[in-house]
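Here is a short report for a reader new to this structure. Please keep the sequence and the 3D view open while reading.

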Amino acid sequence: MSQYFDLSIRRIEIKKPKRDLKPVIKLQDEVNKTLLHDEYYYPTDERTIQECLDGDYILLGVYNKDKLIAASFAFEGGLFFSKPITDWMEIPGNKIMCHEFVVVDMEYRGNGIQKRFMDATIREARQMGYDTIWCCAHPNNTPSVCSIESTGYKFADRFVVDGWPRNVYYRSTSIQR
Ligand SMILES: CC(C)(COP(=O)(O)OP(=O)(O)OC[C@H]1O[C@@H](n2cnc3c(N)ncnc32)[C@H](O)[C@@H]1OP(=O)(O)O)[C@@H](O)C(=O)NCCC(=O)NCCS
């Protein structure tokens with residue numbers, strides 16, 4: 001990897017989902033092969049992403065030249081193991097967004113990209129009128145847990161579903177001190 005590269009976050013434009021989501025799905029598949037443990041991350045399938053595009057969503061990317069090297073996806077509401085998060089637990093707030101995933105190409109990790117995606121997503125969600133945002137992570141997925149906690153999310157609960165442990169976090173989208 002070259003020493004200098006542009007880490008700016010760009011919106012991933014979706015005009016034709018089947019075509020425009022391809023790089024995101026490809027990146028997810030590549031990242032999936034490099035997981036420290038299989039259960040740390042479960043890729044969101046193309047159809048689910050496509051369905052979420054009907055509502056509000058925030059899809060962001062970081063590129064090296066034209067290659068997508070990191071992606072982030074958030075959408076309204078959000079499912080936790082196929083059920084609305086509010087079926088699992090109480091989340092305060094009227095308009096809730098879910099930060100569904102962040103994936104960063106192996107070569108570009110350790111540059112704080114995840115944290116920047118999270119900050120940008122909270123800002124964007126606030127502008128879209130969402131007052132609460134939630135996300136989850138495997139408790140031992142250290143980089144993910146560090147980014148989540150250092151972005152001001154608070155741990156809410158831990159669930160183990162079909163052997164998959166997940167910490168759930170949420171925060172207000174308002175600016176916190
Ligand atoms: C999780 C992931 C998105 C993190 O991406 P990243 O932008 O490279 O994150 P960073 O390496 O900058 O690390 C983020 C934080 O974890 C810390 N960290 C990273 N590795 C660590 C380790 N082994 N031990 C302790 N802290 C660690 C970093 O210091 C940073 O903390 P800070 O923000 O407080 O400084 C990336 O590793 C990835 O794509 N993993 C596979 C997919 C995945 O698990 N996605 C998240 C679930 S949705």
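## Helix α5 and its surroundings

The buried residues of α5 pack against several elements: β1 (9-11), β2, β3, β6, β7 and α6 (142-150). This is a predicted model. The buried residues of α5 are Ile113, Gln114, Arg116, Phe117, Met118, Thr121, Ile122 and Ala125.

The helix has 15 residues. From its first C-alpha to its last, α5 reaches 21 Å, close to the 21 Å expected at 1.5 Å a residue. Glycine 129 follows α5. The phi of glycine 129 is positive, near 95 degrees.

Strand β7 is mostly covered, with five of its six residues buried. β7 also pairs with β9, and here the strands run antiparallel. Six bridges join β7 to β9. In this pairing, isoleucine 133 faces arginine 171 of β9.

## Strand β3 and its partners

Strand β3 covers residues 67-76. It is mostly covered: seven of its ten residues are buried. Which strands pair with β3? One is β2, residues 57-64, which pairs with β3 in the antiparallel sense over eight bridges. Another is β6, residues 96-104, which pairs with β3 in the antiparallel sense over seven bridges.

Tyrosine 63 has leucine 68 in β3 as its bridge partner. Serine 72 stands opposite valine 102 in β6. The hairpin of β2 and β3 has two residues between the strands. In this hairpin, lysine 65 takes a positive phi near 55 degrees.

## The largest nonpolar core

The largest nonpolar core holds 38 residues. Met97, Val103, Trp134 and Cys135 touch the most other members. Which elements give two or more residues to this core? They are α2 (22-33), α3 (46-52), β2, β3, β6, α5 (113-127), β7 (132-137) and β9 (164-172). The largest share comes from β6, with seven residues.

Valine 103 deserves a look in the 3D view. Setting aside residues up to four places away in sequence, valine 103 touches Leu27, Gln28, Val31, Ala70 and Ala71.

## Proline 84

Proline 84 is found in strand β5, residues 83-84. Is proline 84 buried or partly exposed? Proline 84 counts as partly exposed because it has 13 C-beta neighbours inside 10 Å. A residue needs 20 or more such neighbours to be buried, and it is exposed with 12 or fewer.

Leaving aside neighbours within four places in sequence, proline 84 is in contact with Gly77 and Leu79. Arginine 11 lies 73 residues from proline 84 along the chain. The C-alpha atoms of these two residues are separated by 26 Å.

Methods
Residues numbered from 1 in each chain as written. Predicted model: local features only at pLDDT ≥ 70, side-chain atom pairs only at ≥ 80, totals over all residues. Helix = DSSP H or I, 4+ residues; strand = E, 2+ residues; numbered from the N terminus. Pairing = 2+ DSSP bridges. Contact = placed C-beta atoms within 7 Å. Core = buried A, V, L, I, M, F, W, Y, C linked by C-beta atoms within 7 Å. Expected span 1.5 Å × (residues − 1).
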